[in-house]
Every structure is written in C-alpha cells, then in structure tokens.
Amino acid sequence: MSKTKVTTKKGSADKKPSTFSKIKSFFKNERTAFAFGLVILLITFYLFIAFASFFFTGSADQSKVENITLTELARNREDIGNWAGVQGAFLAHLFLNEWVGIASFFILAFLLLFSLKLMKIQQSSLFKWFLLSSLGVLWTSVALSFFFEPFMNDSFLFLGGKLGSVVSRIIRNYIGWSGTFLLVMGVLAIFCVFTMQSATPALRRFFSFIPAIGNKLKAEASAPASAATETEKEILSEEEEEVADEEELMEEEEEESSKEELYDEEEEVADEEEIYDETLDNPYTEPDDLTKKNTPLLEEDNFTIEVAPDEESYDGSALGKYDPTLDLSKYKYPTNELLKKHDTTRFVDTEEQKANKLRIIETLENYGIKISRIEATVGPTITLYEIVPAPGVRISKIKNLENDIALSLSALGIRIIAPIPGKGTIGIEVPNKEAQLASMHSILFSKKFQESNYELPLALGKTITNDIFMVDLCKMPHILVAGATGQGKSVGLNAIITSLLYKKHPSQLKFVLVDPKKVEFNIYSAIERHFLAKLPDAEEAIVTDFTKVVQTLKSLTKEMDNRYDLLKKAKTRTIKEYNTKFIERKLNPAKGHVYMPYIVVIIDEFGDLIMTAGKDVEMPIARIAQLARAVGIHMVIATQRPSTNIITGSIKANFPARMAFRVASMIDSRTILDSPGANQLIGRGDFLFSQGSELTRVQCAFIDTPEVESVTDFIGNQTGYPSAMYLPECESDDDSNTIRQNVLDDKDPLFEEAAHLLVIHQQGSTSLIQRKFSIGYNRAGRIVDQLEAAGIIGPFEGSKARQVLVQDEIQLERILENYR
C-alpha cells in the first residue's frame, strides 16, 4: 500500500537561497555528481600510481624533493623518476615521508569510496568509512613508527611518516614503551572487531562497482540532449523549495553531511526502516538506497507527495549480480584423488562372444527359427546380442525361448528385448563371465559429466554399450529405488549423493536424509554444516526416529508452500526463473525474497516407515511428489520390499523415474517397473532404469565406504555455515501419531502376544487367534484390527488370510517398542 506524506511549503518568496542550499542543489543533479565523482576517482588513481612508484623511485628522488618548493622542482623535472612526474614525486614525498607514511593509502581508500558514492555505484555510509579511515591512518602511522623506527635509520622511507614519529615519541614519553605497546594493540583489537562486524557487507558491495561504471557511462552517453534543459529546470525548482527548508536543514546539517541525500530531507526514519532493513548477510544496499533509487517525487505547487516503491520497481542491478557462493567463497570442490582409480581397461573376450553367438543360433535353429544377422555389443557386465530374424518369424516365438537360451548358454540374467525400441532387431542380453567394474572415478571425471549443464546431474553408471549414463534429477523429478537386500541399492544412493556433491556448491543444494536403520547415512553427518537441512529443534541432521520423519515431511510441505508464495510474489513459475531474477537483483530481500537452494530428500527403507507410520508418511510424500518439482524439492525413496502395500498407487503415480535392482519374483518387478525384467538381473549393481515406457539396463557406478568417507571428510574439514539449514517449524499436533494413539487408547491385553503369534506363523488369521487364546470371534477381530492399524498385518483380502508385513520377531520388537 502506498504511503503518502504531504508537506506544506511556506514563505518561499521571503528568504534568499543560502550558499549551503546552492551547493546542495548543485550536487543533487545526478550528472553533476557523477562527473565530480569521476574526477575524484581519476585523482585517486593518479595518487595511487605516485605512491606506488615512490617505493621504487623514492630513493633516487629523495634528495631532489627535500627542502624545495614545487616550482623549483618543476625546473628539474627531467631528473625525476616517479611514474607520476614532478607533482607525483612531490606529493608522494609529502604524504609518505613528511606526513603519515604508508597510512596514506587509507586516505586513497576513502577518496575511492567517496567518488563511487557520488557516482551512485556504491552506497555505503561515508561517515562510517570516514571514521574507519581516520582511525586507520592514525593507528598505522603511530604503530609503524613505534615498531620500525629504530630499524629505518638508513632508509629513504619513513614507514609511519614524520607525523607518526612525533606522535609515537610523545606517547612513549608519557606512558613508556610497554604502555604504548598495550595502547597500540588495544586500539587494533577494537578496530578489528568494529570492521569485522560492520565493514564486511560493504566490502562485498564495493567489489561490484567495476561493471557498474561501464553501465553508468553508457547510460549517461545515451541520455537525450533535452535532459540538460530539464535538469536546469529541476535545479531551479529545487532551489525554491530549499529556501523553505533552510532552517530545518541547518539543524540537521551535522547528521546529513555523512549521507548523500538525493530526495527531500523530511522523509521519516520509520519509512526508511520499513522500506529496507539491512543485515550482515544481506548483500544489498543500505536502508536509504532503495528509497533514493525508487521513490519518485511528485511536486505540485506547495506540496511534495512521496510514494513508497512497489515490488516491481526494485532494481539493484547497479550493484552487479548477486553471488550466492560468497558466504563460502573459499569452498573447494572434492578432487579426483579422493576416489579410487580402478582398472577400467576394456577386455573383450572374442572367443566368448563367438561361442555365445553359435549357441544362440543353434538353440533357435533347434526350434525352427532362422536368423539373417547377429551382432554383439560388449558392455562392462552385459553383452547385447542383436539378431535379425528371417522373414516370417514371429517375435513372440523367440520371446518364449528365454529359458532355453539361458540353459544353452549356462548363464543367469538372460533377458530378451523383443523388439529393441527404435531398431528392427531383437536383443538378447547375456552376462559376461568376467564383469568389469564401473568405477565412480571414471564416471565423475569423464568429459560427459564434467561438461554437463544439468541442474542436478546424477551419474548413475554405464550402459551395456559402455556409455556414461546420466540423468537430470530436475527433469525426473523424483526417483523410486527398489531391489532385494544386497543387490546394490545403498551403493546406488551413495552414487546419487556423491554426484551432486562433486557438482554443486553448498549454497546451491541441501539434503534431507532419512535413515530408519540409523547406519546407512551416518557417514554424511560430517557435511551437516555444508549440505544438510534439519528441523530447528533436531539434535542431528540425519533423521532416524519415525516420529521425526513425520515432522520433517510436514516441515518440507510447509517449505514448499512458502516457496510457492515467493514464486507468486516474484511472478515466476519455477525455481530456476526465480533464482535468476534474484541473482540479477530484481527481487527485494526486504519483501522476504531469498536465494533458494535445491532440496533433495533421500529416504532409505521406505517400507519400514510405511509399516510404522502408514498414511502419516505416505500422504505428505505424495503431496511433495505432486507439487514440489517447480520449487526445487526432489525426492529419492528406496525400499527392499517392493510390495503393493509399500509401493502404493499414489507413490507410483508420482515417481515416474525408477531404479530397479534385482528382485526375487516377476511380481515384484511388475510392482516397480510395471513390467518384468528386474527378476532377471544378475545383481552386484545391475539395475534397470525406467522413465516412461523405456527400460535401460545400467551397471551402477561403484563407490565404497572409504571413498565416501574421504569425500565427506574433505568437505567437512572446510569452513562451513554456522549450522545446517533450518527447515520451517511445524506445529506439533496429535495427527503425527494418529496410529499410535489409536492403538494405545483401547489396546487389548493380548495385543503383543497375538502379534508374536502371527509373526511366528506368518499367517494373519482371526481363527488362529481364537484357537490359541480361547477367545470369541468379536474380540479376536478387534485384535486383528489393532494389528492392522499398527502395520503388523495387511488389510482384509476376502477369504484369504491377511498378509503378515513383519518378517521376524526382531523387527516386531522394534515396532512394539513404539506402542509401549
């Protein structure tokens, strides 16, 4: 909502403009201020050249510049060696020897900031920098004279200048050598504390001035000629208005002299604070900067109407692009030495290929199937034999011979692709006798990965054609990983995390790691302050307690909603568009805008969570999977139990990308991929990747635990953020423990005994409970309902016995512990 302030001007005809008002009006003109600032900038560079040259030419020039006037010195200018000429030699000797010594460079720093302030390129408080520069000049001059004067008798250069030498001696005469030493070190400590807390954000803004100078000059050169006339009118109008405000201006002169006000001095401080509130982490301009650049003044006779800036009017492009990596500017990406260099030399056994070709042809001919051509493509663990059947041969006939071909080749993991998508051939995948390792080192430092421009690149392994297999998680946008125990799921998750660690900066990516087993992701705790996100009240960033899992997922949904609100305010549709606008400084942080890192949620043992928390876990995951893609939140969930009660319809619908490692049955393969094939894999990292209807067979990139430790230790030993990224706080309510509360409210005394009974017999039968405990059907039915609510047995399946979801009593005890 616009804020309007109306000021009445009186007596403009009764008073004459003062000299101060004229000077003020003169510098209010943007062109004049820019030109004056440019002149000061050139003078500063000239002095810097003269001072720097003095260190190399001062010894030869000293005898010529001492005890002589500038006029006399000019007559002998041929003998001057200073790079800035006669005037440079004179000024360098004056500042560096006669006055304050090396501390003169503080004066140059202040002149540089002053020039940039006039040119509207840098908006730090001049008063603050004046104090810092003055203190720096005084301390440096005195300190250098105090510490180094005894050793500089034969030098042409007085490090602290003659002025510093005099002040140092006076102080030493009064408080002695030790007192002077304590005074110098005490002032240094105060100076360091003050600058560390106040100057760091300004220094960041200062270094963005170089590209801004070119933009400013270009804008000035392209301005229309008529602007000069308008400027003159504006100056005359402002002079008349300044007459009425002269008394008030004189009262505030001392305060305003440290700030370059571009608009009316009657603006209230409260408005400035509301428009902009600068913090140490905010790389943007000071509170008055936004008002100066975006607040138009509508002048009409005796009234000045001030309009607050809109969100769309914010423009901080003059400061240069925002760099999110500046907070950890010294961060180093993991190096190739951290990963093992396994032997990746390709060994092609031609004899094995010929033998397999002959066996395939022979087996097919035994069933009356002739082929016209057969070719082999050798991969790291699998060889693909492509055959072209003779005309008239039905594809289904070859498909039905899958087991016969496997028998003739004496090999496991035979898979027939009939036909190969995009080709007029039929594929037969046969495992190699000697499998080749697809090392993480060879994949991460391949040309394809290094030159990829994916937002979230995942280097998953190598295909059967030995090509690097990579995907962009942003386009997936979520991945379901499933497979039996020991088939490579954990290695696959490590490959996903490591790929991102090698490609992204901590400011660009955060992980939320959920580990019910408490041992899989513990290795990543070392990078908590760099790459992890957690709840504000969580002691550890790795989520292991299932009650914390529910809270974390709810917090992520809240984070998702908050991000959508920011996208709406910024009028953008995706996180990429939003961050681009933020980097270009088109979004105002005072309005709540922040740079958004990607968030990757990785959940291991998803089946355990479903059994213990059920809908409390499934519903927020489904909501995040449905909506969070646009705001940069992506999920990877893994399970070793690919059953329909774990991988439900809502999960499958929102996880189009799937990694299927070897499973025990065709039913499990269909549950994961909606097609058979995963039951025919050979294990040891062999998996099928599905996105849509196309299946790709991949040998997973191998990275073992010591390699992961090396990477995490390398990152963890570097300077990180004060803590992990905090997720939004979510209200604690009873909904997160719905199942537990329902069970505890009316739990039957035989609840635990019945649970042990059904797990031992692996049969979810009501009649079994009736017989063993000699109770009626109604009570047994209530116990069965409670066991279902606790996730111990499955839902009612008609005449069949309910499925027991818990495999052994150890797992059962862990579940029952939550309800005791």
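This text describes a strand and its neighbours, and then a set of salt bridges.

The structure is a predicted model, in which local features need pLDDT of at least 70 and side-chain atom pairs count only at pLDDT 80 or more, while totals for chains, interfaces and linings use all residues. Residues are numbered from 1 along each chain as its sequence is written, and side-chain values use heavy atoms, with hydrogens and water left out.

Strand S13 covers residues 598-603; helices (H or I, at least four residues) and strands (E, at least two) are DSSP runs, numbered from the N terminus. Six of the six residues of S13 are buried, so the strand is largely enclosed by the rest of the structure. Here buried means under 20% relative accessible area, exposed means over 50%, and partly exposed lies in between (1.4 Å probe, protein chains only). In a regular strand the side chains alternate between the two faces of the sheet. In S13, Tyr598, Val600 and Ile602 point one way, and Ile599, Val601 and Ile603 point the other way.

Two strands are said to pair if DSSP finds at least two bridges between them. S13 pairs in the parallel sense with strand S11 (residues 509-514) over six bridges, and Phe511 has Val600 of S13 as its bridge partner. S13 also pairs in the parallel sense with strand S14 (residues 633-639), over five bridges; there Val601 stands opposite Met635 of S14.

Side chains of opposite charge can pair when their charged atoms come close. A salt bridge is a side-chain nitrogen of Lys or Arg within 4 Å of a carboxyl oxygen of Asp or Glu, and the count by this rule is 19. One of them joins Lys517 and Glu520, at 3.3 Å from N to O. Lys517 is partly exposed, with a relative accessible area of 33%, and Glu520 is partly exposed at 24%.

A salt bridge also joins Lys652 and Asp674, at 2.6 Å from N to O. Lys652 lies in helix H26 (residues 649-654) and Asp674 in the loop between helix H27 (666-673) and strand S16 (686-691), so the pair ties together parts that are 22 residues apart in sequence. Asp674 is partly exposed, at 48% relative accessibility.

Arg802 and Glu788 form a further salt bridge, with their closest N and O atoms 2.7 Å apart. Because Arg802 lies in the loop between helix H32 (777-789) and helix H33 (809-817), and Glu788 in helix H32, this pair ties together parts that are 14 residues apart in sequence. Arg802 is buried, with a relative accessible area of 12%, whereas Glu788 is partly exposed at 31%. Finally, salt bridges link Arg415, Glu429, Asp686 and Arg697 in a network.
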